Amino acid sequence: MSSSRERNDRKQPFRGNPQKVEKPSHTRGSGRPSGPDGKDWLWGVHAIEAALANPARGKPRRIIATADRAKQLNARFGRLEVEIVEPRDIDRALPPGAVHNGVAMKPDPLLPLSIEKIGDPASGMLVMLDQVTDPQNVGAIFRSAAAFGAKGVILQDRNAPALAGALAKAAVGAVDKIPHASAVNLSRALETLGEMGWRIVGLAGEATQTLEEALDGSPTVIVMGSEGEGLRRLVAEHCDVLAKIPMPGGFESINVSNAAAIALYECSRIRAQREEVTKI
């Protein structure tokens with residue numbers, strides 16, 4: 001594990017980004033509505049069923065649904081207090097273009113874990129997002145983190161979207177299936193995780209090592225930078241190693257959620273290989 005001094009010995013400011021991440025365009029249903037912002041709502045069957053199944057959630061503050069959806073929810077979760085409405089009534093409560101599948105819910109918010117809690121014990125994978133603010137991207141990263149068995153996602157306290165609305169819809173229930181932590185200062189959070197035994201790997205297109213070369217199967221925090229600017233200098237300096245995803249096709253632009261999915265797959269693959277070698 002490198003020391004804080006070793007991590008901060010770069011002479012030039014770090015201007016890298018995770019594979020020159022492109023900013024996504026926003027179309028109908030993209031989570032950037034001109035009407036209600038949807039921050040207090042969940043919508044869509046998968047997101048709401050995951051929230052209702054999550055014991056960390058309290059009693060829903062409000063559920064509105066079509067008659068058919070209400071019947072399905074009651075059959076699975078018992079008698080719920082559901083307001084039976086028409087689809088157009090749900091449309092009016094949500095951002096324009098929200099694909100709600102006939103159901104929406106106002107839940108109690110999910111409370112974040114501390115860095116110490118999410119990092120103990122040091123094993124497996126964590127994902128840290130450095131100023132990744134697009135709800136669709138963050139939701140997709142939660143979904144990939146859950147799919148590849150990550151222990152959780154670490155978000156910045158002030159520069160992260162609410163875990164509801166378009167984000168929760170894109171996550172397809174993953175925000176209720178894996179924990180998340182919130183940190184005011186990501187650099188200090190990385191120092192804490194390093195002291196706990198985690199190895200910090202930051203994604204940057206300008207890195208000299210490939211992701212495969214940088215990963216060693218040890219407990220790993222994958223750090224992803226923002227959609228436009230990439231990793232900030234101090235965050236990059238607190239990484240043990242910077243790595244890139246090789247792109248032999250010559251196209252140098254990749255969405256941050258796609259980069260996160262590739263990194264999580266590669267990390268899980270190398271961890272599995274190390275476990276197999278250990279068993280022999």
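This is a predicted model: local features need pLDDT of at least 70, side-chain atom pairs count only at pLDDT 80 or more; totals for chains, interfaces and linings use all residues.
## The largest pocket

What classes of residue make up the lining of the largest pocket? There are eleven nonpolar, three polar and six charged residues.

Side chains of opposite charge can pair when their charged atoms come close. In this model the count of salt bridges comes to eleven. One of them joins Arg 61 to Asp 108, with 3.8 Å between the closest N and O atoms. This pair connects distant parts of the chain, 47 residues apart: Arg 61 lies in the loop between α2 (45-53) and β2 (62-65), whereas Asp 108 lies in the loop between β4 (103-106) and α5 (115-119). Asp 108 counts as partly exposed, because its relative accessibility is 30%.

A salt bridge also forms between the side chains of Asp 216 and Arg 199, at a distance of 3.7 Å from N to O. Here too the pair links distant parts of the chain, with the two residues 17 residues apart: Asp 216 is in the loop between α9 (211-214) and β10 (220-224), and Arg 199 is in strand β8 (residues 199-203). Asp 216 is partly exposed, with a relative accessible area of 39%.

## A salt bridge within one helix

Glu 237 and Arg 233 form a salt bridge in which the closest N and O atoms are 3.3 Å apart. Both residues belong to helix α10 (residues 233-237), and because they are four residues apart, about one helical turn separates them.

Are the two partners buried or partly exposed? Glu 237 counts as buried, since its relative accessibility is 3%. Arg 233, at 37% relative accessibility, counts as partly exposed.

## A network of three residues

Salt bridges may also share partners. Glu 212, Glu 266 and Arg 269 are linked in such a network of salt bridges.

Definitions and conventions:
Residues are numbered from 1 along each chain as its sequence is written. Side-chain values use heavy atoms; hydrogens and water are left out. A salt bridge is a side-chain nitrogen of Lys or Arg within 4 Å of a carboxyl oxygen of Asp or Glu. Buried means under 20% relative accessible area, exposed over 50%, partly exposed in between (1.4 Å probe, protein chains only). Ala, Val, Leu, Ile, Met, Phe, Trp, Tyr, Cys and Pro count as nonpolar, Asp, Glu, Lys and Arg as charged, and the others, Gly among them, as polar.
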